[in-house]
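Biologist: Could you walk me through this model, one question at a time? I would like the terms spelled out as we go.

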Amino acid sequence: MLPKIKRSKYILILLLVLSSYSLKAWEVRTDSTLFVNPWIGLSHYKILGCPQSFSSNYLSYGIDFDYRFHSELSFKFGVSLMSKGNYYFASYVNSENTPMGEFKTFNKFQYLSFPLLLTYNLFGGKKLNFFIDLGVNAEFLLQAKTYAKLPKTFEGVSVEPVNVVNTDTYKPLNFSLVVGCGFEYKIKPNLLVFVQAKYDHGVNQILKENSTYIFKHRGYCAGIGIKIGIPIKYTTSTNK
């Protein structure tokens, strides 16, 4: 006969085993995966409608969330810090109004960007996949400024620096259409590396006030990043 203390332990273990069978609870892994995608890249933008201006390159980065509900299809949403702008040549003078010639003058915009994309994975589930993105983008203006790289002096006379924050001149919210593509390489089922390129087609006038000029952002962004997968699981529980 079992001792009293040991008998109680056996009874407790037996009850736990029976309860687990009666509940029939399992953790089930679905075919869906949530990927977290930090990335960094180079943006190349111009301002459509700005005469005699040229595209500028800036560093941009962000983090996307890729909900892959099917091997071929997924939704992407995220947040990015995007830098856009252009440059042009303008004439300057020193403090005594002596002409110095033309210098590059930059318009730089910083946006907090929220993309929403539908992704088609051409070779979903393969080690090397080619994907296509299509969607929209909403951007909130953080700062806009105009600056020029001028010498401190010209012919021995001081030069007034040009570095003007003019955020209030532009609309705080802008929208664009986005199309892109890229490759991803599967290192492990839940770890991938990728390269991507996107074309950003601004659809609205960025100037706040009415103007004879219609300025819109147009440009590209190319980047690299990693995808960290989190399998979507759920628990079933039924009682008999």
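Modeller: Strands (E, at least two residues) and helices (H or I, at least four) are DSSP runs, numbered from the N terminus. This is a predicted model, where local features need pLDDT of at least 70 and side-chain atom pairs count only at pLDDT 80 or more, while totals for chains, interfaces and linings use all residues. Residues are numbered from 1 along each chain as its sequence is written, and side-chain values use heavy atoms, leaving out hydrogens and water.

Biologist: Thanks! Which residue in E3 stands opposite aspartate 64?

Modeller: Strand E2 (residues 54–68) and E3 run antiparallel, joined by 9 bridges. The two strands form a hairpin with 4 residues between them. Opposite aspartate 64, the residue in E3 is glycine 78.

Biologist: Is serine 74 buried or exposed?

Modeller: Serine 74 sits in strand E3 (residues 73–93). Buried means under 20% relative accessible area, exposed over 50% and partly exposed in between, with a 1.4 Å probe and protein chains only. Serine 74 has a relative accessible area of 0%, so this residue is buried.

Biologist: And which side chain does the side chain of serine 74 join in a polar contact of 3.0 Å?

Modeller: A polar contact is a pair of N or O atoms within 3.5 Å; within protein, one must be able to donate a hydrogen and the other to accept it, and residues adjacent in sequence count only if both atoms are side-chain atoms. Not counting residues up to four places away in sequence, serine 74 touches several residues, including Asp66, Tyr67 and Leu117, where contact means heavy atoms within 4.5 Å. The partner in the 3.0 Å polar contact is aspartate 66.

Biologist: Why does leucine 207 count as buried?

Modeller: Leucine 207 is placed in the loop between strand E10 (191–202) and strand E11 (216–236). Leaving aside neighbours within four places in sequence, leucine 207 is in contact with Thr169, Tyr170, Lys171, Tyr213 and Phe215. Leucine 207 counts as buried because its relative accessibility is 12%.

Biologist: Last one: how many disulfides does the count come to?

Modeller: A disulfide is a pair of cysteine sulfur atoms within 2.5 Å. Cysteine 50 counts as buried at 16% relative accessibility, and cysteine 221 counts as buried at 11%. By the sulfur distance rule, the number of disulfides is 0.

How values were computed: Two strands pair if DSSP finds at least two bridges between them.
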